[in-house]
Amino acid sequence: FNSDAVALNKTTFLGGWTVSDGTVDLVDFVFGRLVDLDGSSGDAGVFSKVLNLSAGVQYTATFELAGSQRGSTETVNVAFGSTTESYTLASSNTFAPRSLVFTPAAAGDFVLSFANTGGDNVGILLDNVSVTAIPEPVAAALMLAGLTMIMLRARRRH
């Protein structure tokens, strides 16, 4: 989120992130530039990104969440495709990594979203969001075998 301008009640972000049903804040904090998932409008928005995913591939969404650092206990609902999880954090909770795994049955667009359940201008803090494909064991084994063959062939030439 470091490429985006700091702003309260932000509804548009670079990198394909959108905000619906309210607002979020992008703030500079002790930890760096972060998304406060409950905008200053008193109406927490849904912070989301649409991802085009392949069928049968396992994807992991990783992200870091911290408490508001401003005196309230908050809950955020995270959804990745059909996988969902709720996290309730006390204000003093420091950043900790979290993850959700999703394997689409069919190729297409799927949403990764973060929805703070508050509405009090103080939300859970979000940072370092990424989505990676987890190679299937068969694909990883084939890649390893291919690299081994290349190394053996290169060794024979010398």
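The model is predicted, so local features need pLDDT of at least 70 and side-chain atom pairs count only at pLDDT 80 or more, while totals for chains, interfaces and linings use all residues. Residues are numbered from 1 along each chain as its sequence is written, and side-chain values use heavy atoms, with hydrogens and water left out.

Start with the inventory. The protein chain holds 1 helix and 11 strands. Helices (H or I, at least four residues) and strands (E, at least two) are DSSP runs, numbered from the N terminus. Read from that end, the order is β-β-β-β-β-β-β-β-β-β-β-α. The chain has 158 residues, and 36% of them count as buried. Buried means under 20% relative accessible area, exposed means over 50%, and partly exposed lies in between, with a 1.4 Å probe and protein chains only. Contact means heavy atoms within 4.5 Å. Among contacts between residues at least 6 apart in sequence, 65% join residues at least 24 apart.

Strands count as paired if DSSP finds at least two bridges between them. Strand S4 (residues 32–36) pairs with strand S11 (residues 125–134) over 2 bridges, in the antiparallel sense. There, Asp-36 has Leu-125 as its bridge partner in S11. Strand S6 (residues 58–66) is joined to S11 by 8 bridges, again antiparallel. S6 also pairs with S9 in the antiparallel sense, over 7 bridges. Thr-62 shows both pairings. Its bridge partner in S11 is Ser-130, and in S9 Thr-62 stands opposite Ser-99.

The other open sheet has 5 strands in the order S2-S5-S10-S7-S8, with antiparallel pairing. Its edge strands are strand S2 (17–20) and strand S8 (83–89), each pairing on one side only. The twist averages 20° from one strand to the next.

Within this sheet, strand S5 (residues 46–53) and strand S10 (residues 108–116) pair antiparallel over 8 bridges. Val-50 stands opposite Val-111 in S10. Ser-113 also lies in strand S10. Its relative accessible area is 12%, so Ser-113 is buried. Leaving out residues up to four places away in sequence, Ser-113 touches Val-46, Phe-47, Ser-48, Asn-77, Val-78 and Ala-79. Further along the sheet, 7 bridges join strand S7 (residues 74–80) to S8, and the two run antiparallel. Glu-74 has Leu-89 as its bridge partner in S8. S7 and S8 form a hairpin with 2 residues between them, and Gly-81 in the turn has a positive phi of about 60°.

Turn to the charges. The structure holds 2 salt bridges. A salt bridge needs a side-chain nitrogen of Lys or Arg within 4 Å of a carboxyl oxygen of Asp or Glu. The side chains of Arg-70 and Asp-36 form one, at 2.3 Å from N to O. This pair links distant parts of the chain: Arg-70 sits in the loop between S6 and S7, Asp-36 in strand S4, 34 residues apart. Arg-70 has 41% relative accessibility and so counts as partly exposed. Asp-36 has 1%, so this residue counts as buried. Arg-33 forms a salt bridge with Asp-28, with the closest N and O atoms 3.2 Å apart. Arg-33 is partly exposed because its relative accessible area is 22%.

What does buried Asp-4 do without a salt bridge? Asp-4 lies in the segment before strand S1 (7–10). The nearest side chain of opposite charge, Lys-10, is 4.3 Å away. Lys and Arg count as positive and Asp and Glu as negative, while His and the chain ends are not counted. The side chain of Asp-4 reaches the backbone nitrogen of Leu-14 at 2.8 Å. Setting aside neighbours within four places in sequence, Asp-4 is in contact with Lys-10, Thr-12, Phe-13, Leu-14, Leu-26 and Arg-33.

How values were computed. Polar contact = N/O pair within 3.5 Å; in protein donor to acceptor, adjacent residues only side chain to side chain. Axes fitted to C-alpha atoms, helices over the stretch in contact; angles between N-to-C directions.
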